[in-house]
Structure formats: structure tokens, C-alpha cells
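Trainee: Can you walk me through this one? I would like to start with a charged residue.

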Amino acid sequence: MYIDADTIIKAASLLGAIGALVAAIVSVYKVIESNKKQSEFINTIQEEQTLICYGLRGALQGLVEQGCNGPCKDALDKLNKHLNKNAHPHIKED
């Protein structure tokens, strides 16, 4: 078998194409893994924010029950509206 320049060029182009395909597959895999990690991190943050909101709601409710109206009552109303709106995103607001 005789190896000429054309055979070498074809082999090099085949290796280059295979290398590019492998690199693309690895890149897609890395993006998918990164998205999974980000989704898990976002879920953790959302759980933490939910606990903070409910704690804040409890504190504001306690203040309103103690007679601290005005800004406390306004903040509690806004927080309740926000929590209800996020709990029911399928309901459109007028």
C-alpha cells in the first residue's frame, strides 16, 4: 500500500472532524451539567427565601396584633399579596 499526500490529507481531515465532534459533545455535556447545578442552587435559594418570607410575615403579623399599624400593616398586606400571587401564578391579576 502506497501512502501519498492525498491519503494523509483525508486522514487528517477525518481526525479533525472526529475531534470537533467530540469537542462539541463534551461542550454540550458541560453546559447540561452546569444547568443542573444552577437549578439546584436556585431551588435552594428559593427555599431559603420562602422561609425568610414566612418569618417576616409572622413578625409583621405579631406587630400588627400588638397595635403597630401603619407601615407594618401596609408591609404585611403587600407581603401577603406577593406570596399569594407567587403561590398562584396561573391566576391573572386585573
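**Charges, then helices**

Mentor: Lys36 is partly exposed, with a relative accessible area of 47%. Partly exposed sits between buried (under 20% relative accessible area) and exposed (over 50%), using a 1.4 Å probe and protein chains only. This is a predicted model: local features need pLDDT of at least 70, side-chain atom pairs count only at pLDDT 80 or more, and totals for chains, interfaces and linings use all residues. Residues are numbered from 1 along each chain as its sequence is written, and side-chain values use heavy atoms, leaving out hydrogens and water.

Trainee: Which residue meets Lys36 in a salt bridge?

Mentor: Glu33 does, at 3.7 Å from N to O. A salt bridge here is a side-chain nitrogen of Lys or Arg within 4 Å of a carboxyl oxygen of Asp or Glu. Glu33 is partly exposed at 26% relative accessibility.

Trainee: How far apart are Glu33 and Lys36 in helix H1?

Mentor: Three residues, so about one helical turn separates them. Helices are DSSP runs (H or I, at least four residues), numbered from the N terminus. An α-helix has 3.6 residues a turn, so residues three or four places apart point the same way.

Trainee: How many salt bridges does the structure hold?

Mentor: Two. Asp6 pairs with Lys10, with the closest N and O atoms 3.5 Å apart. Both lie in helix H1, four residues apart. Asp6 is partly exposed at 42%, while Lys10 is exposed at 53%.

Trainee: New topic. Which residues of H2 are buried?

Mentor: Cys72, Leu76, Leu79 and Leu83. Seen down the axis of H2, they fall within an arc of 65 degrees, so they line one face of the helix. That arc is taken from the directions from the helix axis to the C-beta atoms.

Trainee: What covers them?

Mentor: The cover includes helix H1, residues 5–65. Contact means heavy atoms within 4.5 Å.

Trainee: And which exposed residues are on the face turned away from the buried side of H2?

Mentor: Pro71, Lys78, Lys81 and Lys85.

Trainee: What is the distance between the end C-alpha atoms of H2?

Mentor: They are 24 Å apart. H2 has 17 residues, 71–87, and should span 24 Å, which agrees. The expected span is 1.5 Å times one less than the number of residues.

Trainee: Last one. Where does Ile3 lie?

Mentor: In the segment before H1. Ile3 is exposed, at 55%. Its C-alpha atom is separated from that of Asn80 by 78 Å.

Notes
Helices (H or I, at least four residues) and strands (E, at least two) are DSSP runs, numbered from the N terminus.
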